[in-house]
Amino acid sequence: MNTSENPENKIETEIENLRAEIDRHNELYYQRSAPEISDAEFDALLVRLKELEEANPELITPDSPTQRVGGRAEGFKPFVHRIPLMSLDNSYDIDDLRRFDERCRKLADGRNFEYVAELKIDGLSLALHYENGFLTAGATRGDGFTGDDVFGNVKTIRTIPLKLKNGFSEHAEVRGEAFLARSVFEKINAELEMQGEKTFANPRNAASGTLRQLDASRVAARRLDLFPYDVLSGASKMFSTHWESFDWLEKAGFNVNPNRTLCQNIDEVIEFTDRMLLLRDSFDYDIDGVVVKINSTQLQQEFGATTKAPRWAIAYKYPAMQATTQLRDIVVQVGRTGALTPVAYLEPVLLAGTVVARASLHNEDEIKRLDIKLGDFVLIEKSGEIIPQILQVIKTRRNGTETKYEFPKTCPVCGFAVARPEGEVVTRCINPDCPAKLKARILYFASRKAMDIEGLGEVLVEKLVDLGMVKNAADIYSLQLEQIAELERMAEKSATNLINQIEASKTRGLQRLIYGLDIRHVGERYAKILARSFRSIENLQRATVEELDAIHEIGLTVAISVFNWFENPRNQELIKRLQAAGVKTEIDGETSANINENFNGKTFVLTGKLETLTRDEAAKLIEEGGGRVSSSVSKKTDFVVAGSDAGSKLDKANSLNVKVLSEKEFAEMVK
Ligand SMILES: [Zn+2]
């Protein structure tokens, strides 16, 4: 008999192959941050291996991937966990949850019990140790037994108290999920892109990359956050119920996620998972499911754990946010700055409930980095409302029919030459009259945050530009009712509405106008600062680079960009025509009435306890007056307002010779 046909031998071979495959993907994921398959596909491999091992326990080896969880990064000292951080069993459908419930009820043997359902944050688990109330250690989960000692980095996370606020004085181990808010993630990527550096694929990768930084000051700048999910004291749970630990964590000073519920039965758990799935996109952080735990710690202890996971908890995972699909084509779009942005056109694939057919490719370098060819299979990921990203090309699936992609040497819209300044990642069309740029710029000028001209949408702008009726933003104000009404499919009534909207947009005020001019680097916040500082477009136009740079929050890059914009004769002409059309180019009365000369353009730091008003109230007064409130003292700080019990910030202010105000002096300034 041929041994390869021996069924037991076949199983052994499959197990060996699975282990090798899982190890390989583990390494790609943890050591090289370059996954080839989605999490769900990976889990499927692991599930298959578990099944085979459970049916053939004699084939289980201590080094099988089922016997450990995760991996470690290099460059950090190992940290041995006092109590292992076990991973949870995953479930992918409601039936799994019901089976989990059945098992629990059987183990409880007729006794009543409750579940706690909470969000599964898509981040990295951390264990934090407090001795006598002070934070003394912090480590990643690693393989559950040994993690990385990232204490230096952990200390920079602002929502992790360095001292427990509830005065707890014995040993406490707080476990939680470190993550980056989506809004912070987007800012980090925007900055990296501006600096010409590689961007992160999603918030979790960014959080992981950040925690593995060896330079703690870089970690501090990234604004990691943490939601705690458990607290232990010594070798056991601190409370008789899991629910109580959240109150304790809140009082201790942690940022506790409010989305959790105490459930009397599994139906209530399922109701919670459904509700959270609907809210998923509205959170400023990524979640990948719901964690369900038995509330009673007594029962938790009784139920115990298998070698891999506790029997009293389960992670219910939402549909995968990753998938593999094929790249059909790359189409280059031209934006309002002339930036050429390649977009991947994909074989449509279902991802987290929506069909995905496109993904962002950012720029030429990203195409090079991915080494992507037309026809390649790719791993894509969707994260919240962010446009899907391509994580990786699956090169093992290439069959030789893939073709190389050449980034265009000319503008795909106007055919003009393109340029990519040295050190920048963005390629731009250099034709100032490129219709693609003009269309995008007009849309931006009319957008809600700028001049807010409702009805001036994409289709209409396309026509107006193509027909030569609009050559710059000022042309919008010369449009006549008959002209617009004559345009195809434009009813008389909507034409009248549009004319009224255009007229109304003339009084939107200086801040929105500056924003709408689309000066490079000048977004909403800088537009506000410039409007408050200069009060009129004439003043801004006359400002020198030095004058611009002297404004507290305006850096040299922005100052030069603003100056250059107004130096351009085309832009000077545009301003002249906007003024002639009656567009208001001064700061509006309401905004300037509140400006307090003592506060305008100044940076404040608040510290200690104020007697007559809360910190939020003080901050509001400063901001309304045109100032800014910062959380840390630096050489750029103008004033530190010190209440009672002011601590290290006051010392720092004194050492940097920053002016310190008492609450009384501050109150004088308010007047
Ligand atoms: Zn062009």
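A contact means that heavy atoms lie within 4.5 Å. In this chain, residues 24 or more positions apart account for 67% of the contacts with a separation of 6 or more. You are looking at a predicted model, in which local features need pLDDT of at least 70 and side-chain atom pairs count only at pLDDT 80 or more, while totals for chains, interfaces and linings use all residues. Residues are numbered from 1 along each chain as its sequence is written, and side-chain values use heavy atoms, with hydrogens and water left out.

**The whole chain**

- The C-alpha atoms fill a box of roughly 90 × 70 × 50 Å, taken along the principal axes.
- You can find 25 helices and 23 strands here; both are DSSP runs numbered from the N terminus, with helices (H or I) having at least four residues and strands (E) at least two.
- Of the 671 residues, 47% count as buried (buried means under 20% relative accessible area, exposed over 50%, partly exposed in between, with a 1.4 Å probe and protein chains only).
- The domain assignment, which is automatic or from a database, includes domain 2 (78–317) and domain 4 (435–507); the C-alpha centres of these two lie 50 Å apart.

**The zinc site**

- Cys 411, Cys 414, Cys 429 and Cys 434 each coordinate the zinc ion through SG, at 2.2 to 2.4 Å (donors are N, O and S atoms within 2.8 Å of the metal, or 3.2 Å for Na, K and Ca).
- Angles of 100 to 117° among the four donor atoms make the site tetrahedral (for four donors, all angles must lie between 85 and 135 degrees).
- Along the sequence, the donor residues follow the spacing C-x2-C-x14-C-x4-C.
- Cys 411 sits in the loop between strand 17 (386–393) and strand 18 (418–419), while Cys 429 belongs to strand 19 (residues 428–429), 18 residues apart.
- Both Cys 411 and Cys 429 are buried.

**Salt bridges**

- The count comes to 34 salt bridges (a side-chain nitrogen of Lys or Arg within 4 Å of a carboxyl oxygen of Asp or Glu).
- Lys 120 pairs with Asp 288, with the closest N and O atoms 3.4 Å apart; this links strand 3 (residues 115–121) to strand 11 (residues 287–294), across 168 residues.
- Lys 120 counts as buried because its relative accessibility is 18%, and Asp 288 counts as buried because its value is 14%.
- Asp 466 and Lys 439 also meet in a salt bridge, at 3.1 Å from N to O, and connect helix 13 (residues 458–466) with helix 12 (residues 435–445).
- Asp 466 is exposed at 52% relative accessible area, whereas Lys 439 is buried at 16%.

Notes:
Four donors count as tetrahedral if all angles lie between 85 and 135 degrees; four count as square planar and six as octahedral if opposite donors are over 155 degrees apart and all others between 65 and 115; anything else is irregular.
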